[in-house]
Protein chains: 6
Amino acid sequence: MRPSGRTASQIRPVSITRQFTCHAEGSVLIEFGNTKVICTASVEEGVPRFMKGQGKGWITAEYSMLPRSTHTRSDREAARGKQGGRTLEIQRLIARSLRAAVDLKLLGENTILLDCDVIQADGGTRTASITGASVALADALTWMRARGLIKTNPMKYMIGAVSVGVFKGTPVADLEYLEDSVAETDMNVVMTDSGKLIEVQGTAEAEPFSFEEMQEMMELAKHALREIFDIQRAALN
Amino acid sequence: MRPSGRTASQIRPVSITRQFTCHAEGSVLIEFGNTKVICTASVEEGVPRFMKGQGKGWITAEYSMLPRSTHTRSDREAARGKQGGRTLEIQRLIARSLRAAVDLKLLGENTILLDCDVIQADGGTRTASITGASVALADALTWMRARGLIKTNPMKYMIGAVSVGVFKGTPVADLEYLEDSVAETDMNVVMTDSGKLIEVQGTAEAEPFSFEEMQEMMELAKHALREIFDIQRAALN
Amino acid sequence: MRPSGRTASQIRPVSITRQFTCHAEGSVLIEFGNTKVICTASVEEGVPRFMKGQGKGWITAEYSMLPRSTHTRSDREAARGKQGGRTLEIQRLIARSLRAAVDLKLLGENTILLDCDVIQADGGTRTASITGASVALADALTWMRARGLIKTNPMKYMIGAVSVGVFKGTPVADLEYLEDSVAETDMNVVMTDSGKLIEVQGTAEAEPFSFEEMQEMMELAKHALREIFDIQRAALN
Amino acid sequence: MRPSGRTASQIRPVSITRQFTCHAEGSVLIEFGNTKVICTASVEEGVPRFMKGQGKGWITAEYSMLPRSTHTRSDREAARGKQGGRTLEIQRLIARSLRAAVDLKLLGENTILLDCDVIQADGGTRTASITGASVALADALTWMRARGLIKTNPMKYMIGAVSVGVFKGTPVADLEYLEDSVAETDMNVVMTDSGKLIEVQGTAEAEPFSFEEMQEMMELAKHALREIFDIQRAALN
Amino acid sequence: MRPSGRTASQIRPVSITRQFTCHAEGSVLIEFGNTKVICTASVEEGVPRFMKGQGKGWITAEYSMLPRSTHTRSDREAARGKQGGRTLEIQRLIARSLRAAVDLKLLGENTILLDCDVIQADGGTRTASITGASVALADALTWMRARGLIKTNPMKYMIGAVSVGVFKGTPVADLEYLEDSVAETDMNVVMTDSGKLIEVQGTAEAEPFSFEEMQEMMELAKHALREIFDIQRAALN
Amino acid sequence: MRPSGRTASQIRPVSITRQFTCHAEGSVLIEFGNTKVICTASVEEGVPRFMKGQGKGWITAEYSMLPRSTHTRSDREAARGKQGGRTLEIQRLIARSLRAAVDLKLLGENTILLDCDVIQADGGTRTASITGASVALADALTWMRARGLIKTNPMKYMIGAVSVGVFKGTPVADLEYLEDSVAETDMNVVMTDSGKLIEVQGTAEAEPFSFEEMQEMMELAKHALREIFDIQRAALN
């Protein structure tokens, strides 16, 4: 029934390539099927002004799609002179999600900037970004410990994210573009590998959804994320 | 236990003043305790370019806080030259929520612009905005029918919204600023008066939350929204 | 002869509500008939860079109209990404006018920001803003003295403002929108309660005006402002 | 008593060079002492969108100072990415003043853009701009008539402007920078050569001014402008 | 003598991967050693306004570096709200260079947008971009012919580009970052595969260069580009 | 054969007026035929942040055209809210060229800002700007030495620039607008008065050019610049 022939709970093949580019302290290419995102983590000394003097670190994120990562070309935000609402919404979500994964005190007055650049889009770019950025972040923290910049690993959990939705009346996991573009409901779930929730964002795209449907989608997400955490763990070993 | 002495499920007094200003087709002052938002609905002929020729209408929203609606003054976004990420995120949420309430075909090629301007903030400004904008929208649609601009009422449901969260370990409804600023989890729930969900956004502010806590918060929201729908109905009669 | 039936020298009912919102050090709702403006005064420690080290304070102002404060909706300046020329011109006028009212030395190195947000417009929004901001400023200075932030009241005079103009050949005071939009000449007069001038801005909208007409308009303004100062005084007691 | 040794009513030498640059339909270098402004008038077919279909023309203006036209270098507005409030205020004043001089119906659906670029500043740049732009506008209209683009001269009057002020307690005409920067009051008066007023803008810089002082300044302005109109006329013959 | 051990005239390994991403009509990953650029060519119907009605096509380009494509992270231009001077200069160069390769009449009223996004930088990103974009452009034109959008191949030549410079007193070809950052002179040469010049940009970074050095650098470029054209041809077969 | 009747190697009359405006430390009006540019050099204490603490100075440049310096009026960049790509490209070229002329160590931690404002354009504005800015810079450095701000003259060479191109198949020097707008190739050459190259930028506008044509254009430039250096020297004595 799904365009790809997948079952309702089946996610696309997920692949994680570490050290994808050579300059960043953490650099990951994450693929959820045809969705491909470069996630880098950059370590910088110091923190933004509003965080100064608290002895704590900061984690922030930026998200972008290459203009032709999509079916038809989108305007380049740098050329238009501003980031759109969707971009800001997504990069705020990525930053919040990963910030929740880290003990900022243990990070010291350092900042980690996560850049998620979509080079090919086929649905689920924001959840792929979070899942890949978590690995890039882990690599950057390992790099910091190796250089003595931090003593203890400040990462409390690995973070994974997946989209779920109601497609033709049925809750399904990990929607690709063909499904996403016509889904009745779209929900993004961000979870810790300890099984707790970081962020849940459900939106009725075409039809309001019931409390029961929400329940089912949450179950699908929990299930899918267990698999995603296995893939993250494998990539990190 | 709550700063206001409210019980966990108790919402603040909600007041809805229609025809608050004189020019807009719908104009509402909504108050959730000390949170006060002016919500206006403006009817304009025609639709944005990307909607042209489909015989359908459009609903969009803008949100802003007066610089001194908050404890300390915030920069005016018009002076800074751009709307912040939080503003864009909220006005996208308001627009999506109200768009879901309306049969855009029945609206014809007309646009309704919802302006939500917070004049005093004490937590829950986005959910108050949605709840108030729903009433302003209803009034604007009545105005259109009275003038023969539309034949049938295109409004499928009234929309209400409320914030729920985990405060000092306990799920509570309708957080005020004192609670919101220290809550472990913050969740905004947008619902139809037919009891279905339009949008759910839950965020772990300090601690990840469990699936059970989410369940409890959803129940609190459902309960609080029943009361809010009663107040909306009363205001419209 | 005037649309409202007022005599040439008669101003609209003026009402001043102090403590209109709860966070600002001074917060006033001022109404000139159907024109309604929220004026807040916010006290901040320190002064802008160009004033540093002079031992003097600073007063600045921002002005905005809610998008639907007018007959037809205007674009939101924050969304357009810049403040228009009219806005900048008006807020410069407000700031200059109120700065003239205060002994900046006695204010110490503190800044007062005046925000004038028009929630309903019916002509004369800039003069209403100045008149209301003067009361909000007085309240903020009282607040500062109560907290020992300043020793002496730095306010040299109360400031009032009114528009006058030539409507259908006759000089009239306090133009409402219906008059303003067709007036031959429009003049804004800002005065101290000691009867001296702070600012005079006269513009030929349709026809050049004579020195004699200017004289008559100045007399009308002087007369109207006496009344306005009485209302300010009453509001402050 | 004046730094230049001028009497209170004496203006600086005014010089008007027509055809100063070769491309514009009207191009004038105007000098008020050391203040030098290039004023060009550019004729374009058509009118801005909001004027379309009314059979009327439009006149607009832009004003700028070369970064080093002043004692210390100012930021270039193009580099900062926006025009400042003072610039917008001045160019609005120039446009309003010259628009008042022209019968827009006789201009047909054509636009004239007036560019006033200050190459050297020594006080009074806005009044010099208006005075020079009036000549450039006259030349552009002559050019249009010569080409048959318009039949009748739509210029109703020549426009002149001068600054007056209170300097060390005495009203004086045509303030140069040394006077302007310490004047108690500054007033700009725009007049038609028929002796009527187009715009009056008086500002208390240091001290409020009396109705009598205003009267005296207006007289000085009237006197000075008579001389300026003679110089304009001479330049045009 | 060169950090990489290369001889003065030796270029880095160049690799060209076609169909690197799946949506664009032409999509190439080009690598000059560690410099990696994704070049896509997007076909759009119609031309920009200034080209309309001439029966000719248009080719334009945009260039960007991922924030962490460099040793230390650079600000994201979309976040800063504008493209820097270097970016604009480079994308103008890319567009001019490729436009010179195409008979715009044969392209019809179609636009091809070339996006060059640097994912890893090690010197020579602009010349790699041009070389890669030429292949992506060729693929997009083939795509257009296959769909009958154009009849004849409008590409007059393949375009290649290479940087040459004076490093420690010796002219060398294809500078990598270590060389580029300390080179006395830096020159970018864009050539057709028929051996003619499209663009030459030489800059004295540390020391003025002689006419003889320029001559030598031009010879090195000609030589290097012959090799680059071979690699392009191989990639296209 | 040239529209002006000039021979292929003949440049237009070049005139240099020093102290053209009165405030800048160096102020030059340079004319290449009908191309007229005001070049000012402003001395400021201190250097931009990225140069601090190195004991070296900085030279930067800004370029602009008055809106009506051209045949048809161009938009004012300050009004559009950003500088175009061409402007940024040119001012980067001017700054690089003049920076190469100066020993930044001898300049101390001071900045010189070069402003090149075109008041009339007839081709070759960027090369006229560089040639004029070199004289303004020399004057500003003399001013600094006179005030003891620097001990030794940090200027290593005078800098001159000229455009050359291929017009109707023949290489010619110093193209005016009529030639420039139809030239097959356009090349800007920046040279020191010691005969070495600072910058060479050649662009195929209509047709690729051969290595031989480039050689010829370089010879023409060298020849023309010798004459230009004579005129600079004469102006400085």
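Axes here are lines fitted to C-alpha atoms, for helices over the stretch in contact, with angles running from 0 to 180 degrees between N-to-C directions. This is a predicted model: local features need pLDDT of at least 70, side-chain atom pairs count only at pLDDT 80 or more, and totals for chains, interfaces and linings use all residues. Residues are numbered from 1 along each chain as its sequence is written, chains are lettered from A and ligands numbered from 1 in the order in which they are written, and side-chain values use heavy atoms, with hydrogens and water left out.

**View 1. Helices H4 and H6 of chain C cross at roughly 30 degrees.** Helices (H or I, at least four residues) are DSSP runs numbered from the N terminus, as are strands (E, at least two). H4(C) covers residues 125–146 and H6(C) residues 211–236; their axes come within 11 Å. The pair is therefore roughly parallel (angles under 35 degrees). The crossing is right-handed, meaning that the near helix is turned clockwise from the far one by less than a right angle. H4(C) contributes Thr131(C), Ser134(C), Val135(C), Ala138(C) and Asp139(C) to the contact, and H6(C) contributes Ile228(C), Gln232(C) and Leu236(C). Contact means heavy atoms within 4.5 Å.

**View 2. Helices H2 and H4 of chain B cross at roughly 40 degrees.** The axes of H2(B), residues 85–99, and H4(B), residues 125–146, come within 10 Å. On the H2(B) side, the contact residues include Arg86(B), Glu89(B) and Ile90(B); on the H4(B) side, they include Thr125(B), Arg126(B) and Ser129(B).

**View 3. A UniProt "binding site" in chain A, from an unreviewed entry.** The record lists Arg86(A), Gly124(A), Thr125(A) and Arg126(A). They span 41 residues in sequence, yet no two of their C-alpha atoms are more than 13.4 Å apart, so they gather at one spot. UniProt positions follow the numbering used here, feature names are shortened, and annotations may be inferred rather than shown by experiment.

View 4. Gly124(A) lies in the loop between strand S5 (110–120) and helix H4 (125–146). Gly124(A) is buried at 16% relative accessibility (buried means under 20% relative accessible area, 1.4 Å probe, protein chains only). Thr125(A) sits in helix H4 and is buried at 6%.

Methods:
Buried means under 20% relative accessible area, exposed over 50%, partly exposed in between (1.4 Å probe, protein chains only). Angles under 35 degrees count as roughly parallel, over 145 as roughly antiparallel, 65 to 115 as roughly perpendicular and the rest as oblique.
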